[in-house]
Amino acid sequence: MPLALDIALGHLKRRKRQTLVSVLGVALGVGFFIGMTSLMRGFQTYFVQQVIDVAPHVVMKDEFRRPDLQPVELAFAGGAVEVRGVKPRDTVRGIREAGAKLAAIEAMPGVAVAPMLRGPALLRYGARDTSVSIGGIDPERERRVTNIEKDMTEGRLEDLRSTANGVIVGIGVAQRLGAKVGDTVTAISPAGVTQPFRIVGIIATGVTAIDASEAYVLLRLAQVLLDRPNVINSLRIRLDDVREAEPLARRLESVFRYRTESWEESNRNILGLFVIQNAIMYSVVGAILLVAAFGIYNIISTVVHEKARDIAILKSLGFRAADIQRIFVLEGAIVGVAGAIAGWGVGIGLIEALAQVRFDQVGPVIQGRSGFLLAREWWPYLAGAVFALVAATVAAFIPARRASRLNPVEIVRGAA
Amino acid sequence: MSTILRAEGVTRVLPGPQPVTLVRDIDFALSPGEFVAVTGPSGSGKSSLLYLLGLLDRPTEGRISIEGRDTAAMSENELAATRLARLGFVFQFHFLLPEFTTLDNLLIPMRRLGRWDEAEREDRARALLASLGMDEAAGKLPEQLSGGMRQRAAIARALANDPALLLADEPTGNLDTRNARTVFDIFERLVADEHRSVIVVTHDQEQAARAPRQVRLVDGRIVHDSARD
């Protein structure tokens, strides 16, 4: 064993209780970092996975990010031009030449696309009614783009085609209407069109907002109901590689001009919340490790103070200032390493304890799960250990440097 | 005769609002195998001179050379290397590292020097302890040793790297007469049998008288050096 390490271990063994407290401080910091990271990442990963699984990765909408420029603005770009009182043209909303765009996108490798016309409607069953968002879909394409088929608890997606005027409703919608598969409901659109539909399926995504407000019919039936023949108002895209969503959205928008959002853009608010959530979590854990680092600083300072005579004798024996500094920095590093290893144990224990927690009294929280969603990843263990080691070494560095600068003559005189 | 240590016009002043002169205008030369006792009243600068000669402190004026090498131009690391390989220190307190056994305390300077392999180091350390009658102390912690044994262990540690010069600062200050005598017996033997040089700062006139050369300091000056007077 290297001499400096031997002496450093000797010092720490001599002060078992203080060493143990310092190690425990680091261990708690690392352990909580691992546990909290698992908890946060578990939920965030689940959420992102849900978003990626349930929703399309890219959506092209029948709107534009910026209004068209007026001819005078185009002619004098950058000039002091202000146009007032512009009356927008009365155009039919929808994606123009949607078929061509659909074909162009479909031709791209690793891309599936489905058209949709979505609009509001009222569903009535007997004396009960509820407003829904009706989505007109192409079942064949839809199943390649969303999880609608997996989310169906009753009926099949093909039934939309095989049944005249079939409709699939969210489980919340069915409950509100008191209707079940096989029942016929009446749909009334804002255009004044009234049409009977037979419920052929029920979906339960686990997201209340969707289950309580959405219904799906064939695209052509939605076009009739909403009185928008041959119109679609969104193209929904799913990718083999979800990381390509943002670049593809930007590319499609630059080519077709229609507002095209990736799943990241659509969920930017929530993803932003995750960033804040993570910042809070890492700040709290960082504070724990900071306190632990102060503990290490304290113990090494005390050791330096107590070991002044030893430092003097080591210097008189021929140890250099760098040798002395190395001994005390090593002491900090040893506490850091021991704390990190113990912290791994605390982290594993914490995760296992959190995994046992059940919220039985409030029922299933997320998709039938009644406990925490925990991510089990290796990187928090590495990151926690590196942070602990760095914090411990830095905390030890200051007293170590002071130790290396001690004048042996002054100490020996003081001792005599 | 060659000199192992030479001090020429050495003065040490502690800086401050009222500077304090610890030693002034010291001329001193030491030959191999010489045994010198430095005496003088308290505050006469005995220990300060020893720290200067032992390269733990630097003179304000004058120069000190070890085995012909001027130490003024040496870096702190070079001074440390010289102390490690050529000098041995014994203080009034033993300063053994309390976490380590007596044997391990002896091994520390040897491990730092790195001149011998592990087996050689241990053989040397055990032989040193045996030569000082401390075979049984090898595995004991300093706190398990008597005062006299601790000081002998400290002498053994000072000799671990086979130094040419041993410097002792009041090595018998905390010992009874019997143990003080034993320590000086060891010094005599180191000079006579191993031809090492020894400088001892002491208040103990009876033991000091055993050294062939006597140096007396008063107010930081050498007022008597039996080698010259």
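Predicted model: local features only at pLDDT ≥ 70, side-chain atom pairs only at ≥ 80, totals over all residues.
Figure 1. Within helix 4 (residues 98-106), the buried positions are A:Ala98, A:Lys101, A:Leu102 and A:Ile105. These residues lie on the same side of helix 4 of chain A because the arc that they cover around the axis is only 100 degrees. On the face turned away from that buried side, helix 4 of chain A carries the exposed residues A:Gly99 and A:Ala100.

**Figure 2. Salt bridge between A:Glu142 and A:Arg236.** The two side chains meet at 2.2 Å, N to O. A:Glu142 belongs to helix 5 of chain A and A:Arg236 to strand 9 of chain A, so that the pair links distant parts of the chain, 94 residues apart. A:Glu142 counts as buried, at 1% relative accessibility, and A:Arg236 likewise counts as buried, at 9%.

**Figure 3. Network of salt bridges in chain A.** The linked residues are A:Lys61, A:Arg65, A:Glu246, A:Arg250, A:Glu253, A:Arg259, A:Glu261 and A:Glu265. Over all chains, the structure holds 44 salt bridges.

**Figure 4. Interface of chain B and chain A.** Chain B contributes 24 residues to the contact and chain A contributes 26 residues. About 2,500 Å² is buried between chain B and chain A, and carbon and sulfur atoms give 63% of this area. On the side of chain B, the residues that lose the most area to chain A are B:Phe95, B:Glu99 and B:Arg112, which together account for 25% of what that side buries. The count of salt bridges between chain B and chain A is 4, and the side chains of A:Asp323 and B:Arg112 meet in a salt bridge at 2.8 Å, N to O. Polar contact across the interface is found for 5 residue pairs, with both residues at pLDDT 80 or more. Helix 1 (46-53), helix 2 (76-86) and helix 3 (102-113) of chain B each supply at least two residues of the side that touches chain A. By class, this side of chain B has 14 nonpolar, 3 polar and 7 charged residues.

**Figure 5. Salt bridge between B:Glu34 and B:Arg213.** The side chains of this pair meet at 2.9 Å, N to O. B:Glu34 is in the loop between strand 2 (20-30) and strand 3 (35-39) of chain B, whereas B:Arg213 is in strand 9 of chain B; the pair links distant parts of the chain, 179 residues apart. B:Glu34 is buried, with a relative accessible area of 18%, and B:Arg213 counts as buried at 6% relative accessibility.

Figure 6. B:Gln214 is buried, its relative accessible area being 18%. The side chain of B:Gln214 reaches the backbone oxygen of B:Ala211 at 2.8 Å. Apart from neighbours within four places in sequence, the residues in contact with B:Gln214 are B:Ala37, B:Ala208, B:Ala209, B:His224, B:Asp225 and B:Ser226.

**Figure 7. Salt bridge between B:Arg86 and B:Glu67.** The side chains meet at 2.5 Å, N to O. Because B:Arg86 lies in helix 2 of chain B and B:Glu67 in the loop between strand 4 (61-66) and strand 5 (69-70) of chain B, the pair ties together parts that are 19 residues apart in sequence. B:Arg86 counts as partly exposed at 26% relative accessibility, and B:Glu67 counts as partly exposed at 35%.

Notes:
Residues numbered from 1 in each chain as written. Chains lettered and ligands numbered in written order. Heavy atoms only, no water. Buried < 20%, exposed > 50% of the residue type's maximum accessible area, 1.4 Å probe, protein only. Helix = DSSP H or I, 4+ residues; strand = E, 2+ residues; numbered from the N terminus. Arc of directions from axis to C-beta. Contact = heavy atoms within 4.5 Å. Buried area = accessible area lost by both parts, 1.4 Å probe. Polar contact = N/O pair within 3.5 Å; in protein donor to acceptor, adjacent residues only side chain to side chain. Nonpolar A, V, L, I, M, F, W, Y, C, P; charged D, E, K, R; others polar.
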